[in-house]
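Student: Please show me the sequence and the model. I would like to go through it step by step.

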Amino acid sequence: MLNLSSSLSSNLSADESLTSYDYHLPEALIAQVPMVPRDCARLLVVAKDSSSHCIFRDLPQLLKAGDLLVLNNTRVIPARLMGRKVNPNFPDVPPLAVEVFLLEPRGEYWLALVKPGRRLKPGALIEFGADEGSLLRAQVIETDEATRGRLLKFEVLKADLDFETVLQRLGEMPLPPYIVSRQSQPEQYQTVFAEAPGSVAAPTAGLHFTPELLKTLEAQGIRQAFVTLHVGIGTFRPVEAERITDHAMHAEWVELPEETVRLIQETKTAGGRVIAVGTTAVRSLEGIATQEGTLQAHCGKVNLFIYPGYRWKVIDGMITNFHLPKSSLLMLVSALVGRSRLMALYEEAIAQQYRFYSFGDAMLILPGAKMEQTQD
């Protein structure tokens, strides 16, 4: 059963209170490896007044000709680096093991989370690549209070290499900490349509698509368009404020091309539905749209925080995975289907042994549709 708190603060509504977005998930339901093939994941289909249990490959029968899927074509970079703190002034002191998790470039620097943070003050030096001789060095420039991270300045130590090459050689795929198995392959944490490098986490709703499924959807008149949102700390940073409206989202870089704007406008004009694949695609479209729902091509940052009460401007539905308790992603989905209903759907998914989180199963949410048939 979901472990919802009944001790809400008297001045908070249920939708405003962080504890209302908590639930208990059995550890066995945290997916450790992806489904093979990708499109055999289970799919909980949520319509206006009902829900049903399907398989992801059923998607062509669940959508209609004239619908438009908007997918995030970002590509995950090998953002985790293992290095060592060094002190040239004391060469006999054993180096300290350091983990660096890159978040985003900031001009000539990189914003990163580091461990152990208390030992990495401004001026500290970190080197990477001991097995091949040091290939890369980073200097801590300053602490970023907003993220509790560090600004790092990197220097490549081999003249015939550049930073991207060294990162590909030394970096590791940044799987979430709840994935403790290392059986998956790096490409399984990329969508089949990933193109633009820059994310530190996968847009996981897109992991379920195969090239064959995309071709089938297109052949049935279900078109596809793309945005690029480089997933950063804004996606997975936990909500800590008890009043969720006090939470500040970290901005993430988004590119919305003119072609996608055109396809959305054509879809709306023809009466089709715009279905966002993943919360990143949702935030891209809704964060760029004007209050009237107008879209223009865009390249820049977006920090929209969506929670119950939000007035939707662009999307008519979405595909999403199952999200962590008390997360901004859970609040976003609650804004589309209602918090109480979503928590009941999560309870149903747990009872039905759905697989949760990044490598887990998915939901198709069509809040304006009536279910024409149910499938097991």
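Student: Is Y357 buried or exposed?
Tutor: Buried means under 20% relative accessible area, exposed over 50%, and partly exposed in between, with a 1.4 Å probe and protein chains only. Y357 has a relative accessible area of 6%. Y357 is therefore buried.

Student: What should I know about the model before going on?
Tutor: This is a predicted model, in which local features need pLDDT of at least 70, side-chain atom pairs count only at pLDDT 80 or more, and totals for chains, interfaces and linings use all residues. Residues are numbered from 1 along each chain as its sequence is written, and side-chain values use heavy atoms, with hydrogens and water left out.

Student: Where does Y357 lie?
Tutor: Helices (H or I, at least four residues) and strands (E, at least two) are DSSP runs, numbered from the N terminus. Y357 is not a glycine, yet its phi is positive, about 75°. Its place is the loop between α8 and β17.

Student: Q353 also has a positive phi. Is Q353 buried or exposed?
Tutor: The phi of Q353 is about 65°, although Q353 is not a glycine. Q353 sits in the loop between α8 (339-351) and β17. Its relative accessible area is 51%. That makes Q353 exposed.

Student: Which strand pairs with β17 in the parallel sense over four bridges?
Tutor: Two strands pair if DSSP finds at least two bridges between them. β17 covers residues 362-365. I365 in β17 stands opposite V46. The partner strand is β1.

Student: Why is β1 described as largely enclosed?
Tutor: β1 covers residues 42-46. The rest of the structure largely encloses this strand, because four of its five residues are buried.

Student: How many residues lie between β1 and β2 in their hairpin?
Tutor: β2 spans residues 51-55 and pairs with β1 in the antiparallel sense, over five bridges. L44 stands opposite H53 in β2. The number of residues between the two strands is four.

Student: Which strands are at the edges of the open sheet?
Tutor: The sheet has nine strands, with mixed pairing, in the order β2-β1-β17-β16-β14-β3-β12-β13-β15. An edge strand here pairs on one side only. The edges are β2 and β15 (298-302).

Student: Which residue in β12 stands opposite N72?
Tutor: β3 (residues 68-72) and β12 (residues 223-229) pair in the parallel sense. Opposite N72 stands V227.

Student: At what angle does α6 run to β12?
Tutor: Axes are lines fitted to C-alpha atoms, for helices over the stretch in contact, and angles run from 0 to 180 degrees between N-to-C directions. α6 lies across several strands, including β3, β12 and β13 (252-256). Its angle to β12 is about 80°.

Student: What are the packing angle and axis distance for α6 and α7?
Tutor: Two packed helices are described by the angle between their axes and the distance between the axes. α6 covers residues 279-288 and α7 covers residues 328-337. Angles under 35 degrees count as roughly parallel, over 145 as roughly antiparallel, 65 to 115 as roughly perpendicular and the rest as oblique. α6 and α7 are therefore roughly perpendicular, with an angle of about 65° and axes 11 Å apart.

Student: Which residue is the bridge partner of E99 in β7?
Tutor: E99 belongs to β6 and stands opposite M82. β6 also pairs with β7 in the antiparallel sense, over seven bridges. The partner of E99 in β7 is K115.

Student: How far apart in space are D316 and A362?
Tutor: D316 lies in the loop between β15 and β16. D316 and A362 are 46 residues apart in sequence. C-alpha to C-alpha, their separation in space is 17 Å.

Notes
Contact = heavy atoms within 4.5 Å.
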